[in-house]
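Please read the following account alongside the sequence and the coordinates.

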Amino acid sequence: MAVGAARIEGNTVVLGGVRVRFIRTLRLPETGTHPLPPGLGEFPVRRVEDHLDTVPSEWRARGGVMLPVFLREAMWLSFAGTDEPSALQVGVGKVCAVSGERWTGALARRPQNYLTLPRQPWLDGINSGRGTVRQFVAVPLGMGATVEGQVTGEETVGGVQLQAFGLGEAAHRAWQAERERARLIRPRVETAMYGAPPGALAAPGAVGGGAPPPAPGGAPEAARGAAAPRARSAAMGLGAGGSMRQQVFEDDRPLSDWAAEPSARTFVHLVTAPEWRRITGEAAPPSPVDRAAYTAAGLPWFDHYDESATDLAPPRALGDVRPVGDWIGDDHTPWQAPGAHQVRPLGDPRPGRPVRDGDW
């Protein structure tokens with residue numbers, strides 16, 4: 001299947017009309033349901049093909065991009081800047097983060113295996129239904145803690161898979177005509193604050209000042225002297241963390257509105273911080289976001305609800321996924337929930353360099 005090339009612009013992955021950024025954030029407790037934490041900067045993203053001499057051989061075959069993560073670090077995906085209607089598939093170890101089904105590469109509705117953009121402004125985790133998601137948390141392959149391992153029984157893929165579809169020709173013409181007739185200018189939603197635009201928040205690792213804080217996602221005290229379990233390479237996958245209030249919207253278009261072929265796709269490799277330095281020669285962000293730094297920055301929390309949209313039902317496969325704490329241990333740092341006053345409701349760059357796709 002011939003698919004258009006993805007590209008990167010800074011730390012943004014561009015797939016046709018879809019723009020995706022990977023955002024660093026505070027890891028939530030695995031008990032209770034929480035508001036949405038904002039971002040503390042972007043993960044750096046680099047093309048695999050620019051580091052062919054230092055990446056693992058299987059990465060060369062898959063192509064795509066890579067970014068550094070720490071053990072048990074949390075992230076969310078921002079789609080800010082995506083204007084035209086798009087269908088985006090998000091895989092975690094080639095398990096659909098929306099439906100819980102294995103990756104197929106084709107759009108489906110029963111169950112729905114894609115997000116509808118720009119209505120879906122972000123995705124913070126796997127779809128757990130009833131207006132909630134379970135936070136994306138990085139873990140090594142080989143432990144069984146990833147969503148991939150729990151749903152498929154194997155951990156051979158890891159990373160994140162992205163594939164975007166635009167509207168078909170007829171639906172796209174109709175959308176353009178409707179927009180022109182109504183002369184709509186879509187207001188800028190306050191996702192910029194949630195997405196931490198440059199300068200809005202302190203740089204990663206600099207929050208609170210002083211030396212980088214210790215990683216809150218490290219192994220329990222008794223295990224810190226031992227090497228963390230790891231797979232044959234530096235590859236990481238995504239497990240499920242704490243629950244937060246976020247809708248995953250049901251598509252209100254017929255499936256036939258979408259193009260039959262994807263506009264672009266890419267494989268996103270997650271690499272440990274030490275291996276990131278070895279592969280790229282660059283330093284990774286100094287540590288995951290911890291609670292002290294988060295509190296010191298005075299960051300708000302957010303609630304986003306769209307009463308005109310329908311939330312997807314919870315997929316059984318994802319509902320049965322256990323949290324990463326079952327493998328790595330509990331986080332005993334005291335948790336202080338945000339007060340009601342801290343929770344806020346949310347109601348032309350040059351083309352970047354193309355990213356080589358591969359076989360995955």
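In this predicted model, a search of the whole structure turns up four aromatic pairs. One of the pairs involves Trp-76 and Trp-122: the ring centres are 6.4 Å apart and the planes stand at 75°, so the pair is edge-to-face. The cut-off for that label is an angle over 60 degrees. Trp-76 belongs to strand 7 (residues 74-78) and Trp-122 to strand 10 (residues 122-123), so the contact ties together parts that are 46 residues apart in sequence. Both Trp-76 and Trp-122 are buried.

Another pair is formed by Trp-103 and Trp-360. Here the ring centres lie 5.7 Å apart with the planes at 55°, so the pair is tilted. Trp-103 has a relative accessible area of 15% and is therefore buried, since the limit for that class is under 20%. Trp-360 is buried as well, with a relative accessible area of 9%. Ring pairs extend this contact into a cluster that links Trp-103, Phe-267 and Trp-360.

Charged groups also meet rings. Trp-360 carries the charged end of Arg-265 over its ring, 4.0 Å from the ring centre. The charged end of Arg-119 sits over the ring of Phe-249, at 5.8 Å from the centre.

Some totals give the setting for these contacts. The protein chain has eight helices and 18 strands. Of its 360 residues, 54% count as buried. The accessible surface of the chain comes to about 16,200 Å², and carbon and sulfur atoms account for 51% of that area.

How many of the residues of strand 8 (residues 86-92) are buried? Seven of the seven are, so strand 8 is largely enclosed by the rest of the structure. In a regular strand, side chains alternate between the two faces of the sheet. In strand 8, Ser-86, Leu-88, Val-90 and Val-92 point one way, while Ala-87, Gln-89 and Gly-91 point the other way. The residues of both sets are all buried.

Strand 8 is paired with strand 9 (residues 115-117) through three bridges, and the two run antiparallel. Within that pairing, Leu-88 has Leu-115 of strand 9 as its bridge partner. Strand 8 is also joined to strand 13 (residues 160-166), in this case by seven bridges, and this pair runs antiparallel too. The bridge partner of Val-90 in strand 13 is Leu-162.

The last topic is charge pairing. Side chains of opposite charge can pair when their charged atoms come close. The structure holds 13 salt bridges. In one of them, the side chains of Glu-42 and Arg-21 meet with an N to O distance of 2.9 Å. This pair links distant parts of the chain, 21 residues apart: Glu-42 is in the loop between strand 4 (33-34) and strand 5 (46-47), and Arg-21 is in strand 3 (residues 18-25). Glu-42 is partly exposed, with a relative accessible area of 26%, whereas Arg-21 counts as buried at 12% relative accessibility.

Strand 3 also contributes Arg-24, whose partner Glu-73 lies in the loop between strand 6 (65-69) and strand 7, 49 residues apart from it in the chain. The side chains of Arg-24 and Glu-73 form a salt bridge at 3.0 Å, N to O. Both Arg-24 and Glu-73 are buried.

Elsewhere, salt bridges with shared partners join Arg-7, Glu-9 and Arg-19 into one network.

How values were computed
Residues numbered from 1 in each chain as written. Predicted model: local features only at pLDDT ≥ 70, side-chain atom pairs only at ≥ 80, totals over all residues. Heavy atoms only, no water. Helix = DSSP H or I, 4+ residues; strand = E, 2+ residues; numbered from the N terminus. Buried < 20%, exposed > 50% of the residue type's maximum accessible area, 1.4 Å probe, protein only. Areas by Shrake-Rupley, 256 points an atom, 1.4 Å probe, with all protein chains shown as cover. Phe/Tyr/Trp six-rings, centres within 6.5 Å; stacked < 30°, edge-to-face > 60°. Lys NZ or Arg CZ within 6 Å of the ring centre and 35° of its normal. Pairing = 2+ DSSP bridges. Salt bridge = Lys/Arg side-chain N within 4 Å of Asp/Glu carboxyl O.
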